[in-house]
Amino acid sequence: MTAVTMAQALNTALRDALREDERVLVFGEDVGPLGGVFRITDGLTKEFGEERCFDTPLAESGIVGLAVGMAMGGFRPVVEMQFDAFAYPAFEQIASHVAKLRNRTRGRLSLPLVIRIPYAGGIGGVEHHCDSSEAYYAHTPGLKVVTPATVEDAYWLLRDAIADPDPVVFMEPKRLYWSKEEAALDARGARPFGQAVARREGRDATLVAYGPSVPVALQAAEVAAQDGIALEVVDLRTLVPFDDATVTDSVRRTGRCVVIQEAQGFAGVAAEIAARVQERCFHSLAAPVLRVTGFDIPYPPPKLEHAHLPGVDRVLDAVDRLQFDDEPDVLHLAQEAS
Amino acid sequence: MSVKALRQAVDSLLPSLVPVRFAAENGTAVKSPGAYTAPSDELLREAYRRMILGRRFDTQATALTKQGRLAVYPSSRGQEACQIAGVLALREDDWLFPTYRDSVALVSRGIDPVEVLTLLQGGWHCGYDPAATRVAPQCTPLATQTIHAVGMAEALRRKGEDSIAMAFIGDGGTSEGDFHEALNSAAVLRAPVVFLVQNNQYAISVPLAKQTVAPALAYKGIGYGVRSEQVDGNDLVAMLSVLTAAVEHVRSGQGPFLVEAHTYRMDAHTNADDATRYRQAAEVEKWESADPVARLETYLRGRGVIGDEDVEAARTAAEAFAAQVRAGMNAETEADPFELFDHVFAEPTPQLREQRALLASELHAQED
């Protein structure tokens, strides 16, 4: 086992995919000799040549459209959108073609392509560099939406995404790029694509998180444990397909649930999860399902992002509101009345 | 680069000052059609048969909208020369990326007319097999297909096939960003792709003058380093000559080629549109006299390429084809609602399986 960063794990995943399958191609803006602005494609052009990893004109719709045509032609393109908000020009291609071509053609054409998007904030990025855009994609039928939270998951989820017969929007939490773990990238272990995983077990409440919010949830669980509250942390890994079973099983055991997302809250992924949990676990719930999210504001400037991002305190405040204290309150009121 | 070399480089990209034309509007041969080689008589006879068939198919499809057999039909009438020349310039192993207005091209490519009309009849979004026919689904979002054609062309080149891609687009579509991204990417990659702009003068109701002030749409090519040409789009002979040269250009690895065909949409945007709200009858009548089918017939008769027998045979075949289209479209087909869940992903997600079961119980309850 060696210490590996998430950026290195993603780079290794691309390298291994390029090596194992000659249909795999990597292209986008600055992904060639520069290795991408986050260096995720570092060294790939040198090792595999301009034919396999290449810079394109600066045109996101064109990049995704090119990937559509090349996937129709038998290749497996992995394209990079440089930042979350810079992927918006490609949204028509993604929503109207990437997501729909299989369905439009009754399965006669498929698009095994991956759109990698560094997303979310926490790195002091200026405007247009920190959006959490996952809900747009998750809301679009026909797209798989993946976001890793650990180094090993970054490697294996990207390998799975590239091997998948369907298009995958692969959202990389950019503030975790430099997170380091002792990781064995060559041992797959049991990590089926489409399954969530409990990163920490606990009996008192379930924290559901994904991508950049998973480390926040784990820290919150660590702090809560000091107060004797055992929080379970479920890392979704894939937003689509969504693993209802793992989430439901956990909440039915704990009876309480907080869903965490960094994105603005309104009409977000956490809202969908909260609805699904209460639909499936109503009789097991001792408290309303709560959401911990960013505020419904455009992403703040760097000096103010700390005020927006859901951190450990906001998570613990939500845990406090899970009505662990109903009984004492009632007693207190009864005493006052007497 | 010397000024002379630069001049040559620029000139090599620019279109002819006036559209290339072999047959005048009255069907007589023009004196000097320029540098392009006329197609063989045999190919022109085939083109004529397809023009008669294509026109008949188009009027049949319009008639089917009136009978409620088609939800909507965007007519190709007036644009047959563009579409049929496009198809004839391609080999079977070349790829075509059509728009919703290119049904005549698809029929000419040999796709079953019922499968062509599936989209407009409302049974599914695409009725034919794109992989088997090498024809992409008819594209509705404007210009988005042009960049797919570039990607496909690049894929074909990388696989060592000498097949190419051709994208159809309209005049309105040239204002969309994807058209420009496609031209630029194709040029940078030297992708073997031909862009055919059918400039039919209207984007629904908006005339060309409100779309661009460029001298011609063909001039959109030079800014990207793309070789360009403009053609009389109602002259099948000119269309086929230029497109054959364009296909040869891209097949031989010289990079993409942009062709603008000056034509006219004789009918409204679709049967649901009312063209009298935005254009004058006199304008339409002017273009009636430039009709591509009549012009080709006069031109070929005048040169002795076809005679009465050929005309009669083509019309008989077209009538038989129209009857086949009517029969196919009048056959009641059952659409399977459960298929709605089958092709979202290669394997349905658990949620899609649940929703499929929900629909099954709804339909079951309705039966009771």
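This is a predicted model: local features need pLDDT of at least 70, side-chain atom pairs count only at pLDDT 80 or more; totals for chains, interfaces and linings use all residues.
Strands here, at least two residues of E, and helices, at least four residues of H or I, are DSSP runs numbered from the N terminus.

Residues are numbered from 1 along each chain as its sequence is written, and chains are lettered from A and ligands numbered from 1 in the order in which they are written.

Back to chain B. In a regular strand the side chains alternate between the two faces of the sheet. In β3(B), Val193(B), Phe195(B), Val197(B) and Asn199(B) are buried on one side, and Val194(B), Leu196(B) and Gln198(B) are buried on the other. As for its neighbours, strand β2 of chain B, residues 165-170, runs parallel to β3(B) and is joined to it by 6 bridges, two strands being taken as paired if DSSP finds at least two bridges between them. Within that pairing, Met166(B) has Val194(B) as its bridge partner. The chain passes from β2(B) through helix α9, residues 177-189 of chain B, to β3(B), in a β-α-β crossover that is right-handed, meaning that, with the strands pointing away from the viewer, the path from the first strand over the helix to the second runs clockwise. Strand β7 of chain B, residues 257-262, is also parallel to β3(B), again with 6 bridges, and there Phe257(B) stands opposite Val194(B).

Let me turn to where the two chains meet. Here 35 residues of chain A are in contact with 33 residues of chain B, contact meaning that the C-beta atoms of two residues, placed from the backbone, lie within 7 Å. On the chain A side, the elements giving two or more residues are α3 (60-72), α4 (91-98) and α5 (101-104), and α3(A) provides the largest share, 9 residues.

Finally, chain A has an open sheet of 5 strands, in the order β9-β11-β10-β13-β14, with mixed pairing. Its edge strands, each pairing on one side only, are β9 (197-200) and β14 (290-294). Inside this sheet, β10 (205-209) and β13 (257-264) of chain A pair in the parallel sense over 3 bridges, with Val208(A) opposite Val259(A).

Notes:
A residue is buried if 20 or more other C-beta atoms lie within 10 Å of its own, exposed if 12 or fewer, and partly exposed in between; C-beta atoms are placed from the backbone.
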